[in-house]
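I opened a new model today and kept notes as I went. Here is what I looked up.

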Amino acid sequence: YNNVAAVDLTSDAITVIFETITGYFFASFCEPVQKLQTALVESALQIFDDIGEELRPTPAKSHYTFNLRDIWKVFQGLCSV
């Protein structure tokens, strides 16, 4: 048997990941738009954290929990514009 364990990423690590992704995407935009990158990442992560706290799994809906895939879909949609 094998045990596999994974630790959740810290919010700082998640911020670096998404700031890097949006940095490449926003590079072609003008300076005022590029300045929105940090605020966009911070607000998206704050909303993600709030939703994770407020919408906990219940016995009736235990099949879904929020994870990084959900926030990735937000940035994927943004970068596909």
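At what angle do helix 1 and helix 3 pack, and how far apart are their axes? I looked at this pair to start. The model is predicted. Helix 1 covers residues 11–26, and helix 3 covers residues 36–54. I found an angle of about 135 degrees, with the axes 9 Å apart.

Next I listed the contact residues. Helix 1 brings Ser11, Ile14, Thr15, Phe18, Glu19, Thr22, Gly23 and Phe26. Helix 3 brings Gln37, Thr38, Leu40, Val41 and Leu45. By class, I have six nonpolar, six polar and one charged residues in this contact.

Then I turned to the pockets. What is the volume of the largest pocket? I read about 210 Å³. Its lining is Asp8, Leu9, Ser11, Ile14, Leu45, Phe48, Asp49 and Leu68. Helix 1 and helix 3 are the elements that give two or more residues to this lining. Helix 3 gives the most, with three residues. I sorted the lining into five nonpolar, one polar and two charged residues.

My last entry is the second largest pocket. About 170 Å³ of space lies there. Which residues line the second largest pocket? I wrote down Phe48, Asp49, Gly52, Glu53, Leu55, Arg56, Pro57, Thr65 and Phe66. They divide into four nonpolar, two polar and three charged.

Key:
Residues are numbered from 1 along each chain as its sequence is written. This is a predicted model: local features need pLDDT of at least 70, side-chain atom pairs count only at pLDDT 80 or more; totals for chains, interfaces and linings use all residues. Side-chain values use heavy atoms; hydrogens and water are left out. Axes are lines fitted to C-alpha atoms, for helices over the stretch in contact, and angles run from 0 to 180 degrees between N-to-C directions. Helices (H or I, at least four residues) and strands (E, at least two) are DSSP runs, numbered from the N terminus. Contact means heavy atoms within 4.5 Å. Ala, Val, Leu, Ile, Met, Phe, Trp, Tyr, Cys and Pro count as nonpolar, Asp, Glu, Lys and Arg as charged, and the others, Gly among them, as polar. On a 1 Å grid over the protein atoms alone, a cavity is a set of points where a 1.4 Å probe fits but cannot get out, and a pocket is an open set with protein on both sides within 12 Å along at least five of seven lines; lining residues have an atom within 4 Å of a point. Grid points are joined across faces, edges and corners, and a volume is the space filled by probe spheres set on the points.
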